[in-house]
Amino acid sequence: MSEAQSNLLRVNGLRVSYGTTATPALDQVSLHIDAGEIVAVVGESGSGKSTLAAALTGLLPGNALHHSGNIVFEGRDLAGASERAWVALRGGRIGFVPQDPGLSLDPIQRIGVQLREALTVHGVPRRQAAQQVPRLLAEVGLADTDRVARCFPHELSGGMRQRVLIAMAIANEPALIVADEPTSALDVTVQRQVLDHLEGLARRKGIAVLLITHDLGVALDRADRIVVMQQGRVVETNTTAALFEQPRHAYTRALLAAAPILAGHGAARHTTSHAMDSADSATDRSTGSARNSRNVIPLPIREAYAGKLAERAAPLLVLEGLSKIFRDGIKAVDAVSFDVPRHGTTGVVGESGSGKSTTARIALCLERPSAGKVIFDGQDVTHLSRGGLRDFRRRVQVVYQNPYASLDPRFTLARIITEPLEAYAVGTAASRRHRAAELLEQVELSAGLLDRKPAQLSGGQRQRVAIARALAIGPELLVLDEAVSALDVSVQARILELLARLQRELGVSYLFISHDLAVVRQISDQVVVLRHGAVVERGPAQNVFEHPRHPYTQALLADSPGQRGASKQHGLHLAA
């Protein structure tokens, strides 16, 4: 039997496009996977990863056109398979774990009912299916299976919902699981637990896993082989060890340089964008990025910080003994104290439910604490009047996680960016538009994008616009709440470089909220670790990351993507 015949799945020269778009979403894509093997497909947004996942599960949208190539699974060509054939395969021989459990689970059906349906639709008798539900939930690491089965999706955490999706994917003992970004929205500890179960099931049962991810750390940790995609093409395929040690393609090298857990503390901050530019300069030219733009310092900042950028005076923001107890008695924040230095960055890390976002809302005066103080520039702002709040909001701005939700889709970029200026009656319409053009250049976008709307931009471009809007009024402090967690690794690296440059030029301070320790390590001067609403560790970033004292901090660092894979590669070096 030839190698091609022995492969569980083989994709040969697959070419797919959408509608009348000239550029194919998949362009001559070829790859294979064998029984029991874990293969990761990595690349940025727009690389074709999700289109590939949809093609392999028969979920391509109606406007998708299959031009050429084939998909051979268990010796059968599926490229022209009917919907009826796909329904039999999907959930049967091919399991699928989608990215967002919030959208993938029926909100009005209990978990047990949905799991039972995953079995009965493939011919399992109803009574037998009901008996298998507890076993499946236990198999993916969920305790108290009877209670979980009775729950609606909204009554479970994100990690629990994702495990339910894995239980559905393995319910009928498939030969292949296609997992499309299955943990990208999860905290590092929950992510590690979910991936541990997925990998354990694959190894024990001999199930092949095609893991679609933009997180190179996850791929390094989990995969036997890695397939790198760029703009619809496969640019490199190799074993994980070989790809990590000797990446052949410039784009692969750029992805490795951009991955913060692989780059080390600050190592790639000044090199990543150059690597990505060389690998993908054509993309930047086509999307209106102004990489070599001149440095434009907004007037309010220039006046406020002239001659003071090197000054290290009293902290700009001080949180003293903050506590927050909600009406249901839950203590979200418990005696939290830390500060944000002038012209510096404090990173706040922790899992979901650790109190990060509540602390940020209190710091922004969007939430009143049950106890404690918020002191900004020497003034207690905990109980400001309406006029005092208006002045405070001019000096403190926020950048949220999701650039798709935080920008009004009806407005042009010009209107989005100038909205704060209009709110404070700053300048004329003409001067505000000129200011918006300057700000776009400041965040490395072309002023020619002013009349476009958010839907015409990529995720990274939208986040740059959100930063430009936050800077419009000349704030002294930016609160960034998971501001890069939704972005691809290379786009994330560019945004972090941008933030570092803006801080050097403008003297702006950052309160940086994130569950991603690698990102926090790159950008922060000092770090605060929260757990269950309380500070368990804080100090200079280098000390916290290199010599963590608290077991929780040590566990978070151990769970970070890429740690296990990097250790494996280090072990190879030692063995050699």
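The model is a predicted one, in which local features need pLDDT of at least 70, side-chain atom pairs count only at pLDDT 80 or more, and totals for chains, interfaces and linings use all residues. Residues are numbered from 1 along each chain as its sequence is written, and side-chain values use heavy atoms, with hydrogens and water left out.

Helices here are DSSP runs of H or I with at least four residues, and strands are runs of E with at least two, numbered from the N terminus. The axes of H21 (residues 459-471) and H22 come within 10 Å and cross at roughly 20°; these axes are lines fitted to C-alpha atoms over the stretch in contact, with angles from 0 to 180 degrees between N-to-C directions. In the contact (heavy atoms within 4.5 Å), Gly-460, Arg-464, Ile-467 and Leu-471 of H21 meet a set of H22 residues that includes Val-491, Arg-494 and Leu-498. By class, this contact has eight nonpolar, one polar and two charged residues, where Ala, Val, Leu, Ile, Met, Phe, Trp, Tyr, Cys and Pro count as nonpolar, Asp, Glu, Lys and Arg as charged, and the others, Gly among them, as polar.

A second pair to look at is H5 (residues 111-120) and H6 (residues 126-139), whose axes come within 9 Å and cross at roughly 120°. H5 and H6 are therefore oblique to each other. Among the residues that meet are Leu-115 and Leu-119 in H5, and Ala-129, Val-133 and Leu-136 in H6. The contact of H5 with H6 divides into eight nonpolar, three polar and two charged residues.

A cavity is a set of points on a 1 Å grid over the protein atoms alone where a 1.4 Å probe fits but cannot get out; a pocket is an open set with protein on both sides within 12 Å along at least five of seven lines, and lining residues have an atom within 4 Å of a point. Grid points are joined across faces, edges and corners, and a volume is the space filled by probe spheres set on the points. The largest cavity has about 400 Å³ of space. Of its 30 lining residues, Gln-191, His-214, Asp-215, Asp-516 and Pro-561 are the closest to its centre.

Definitions and conventions. Angles under 35 degrees count as roughly parallel, over 145 as roughly antiparallel, 65 to 115 as roughly perpendicular and the rest as oblique.
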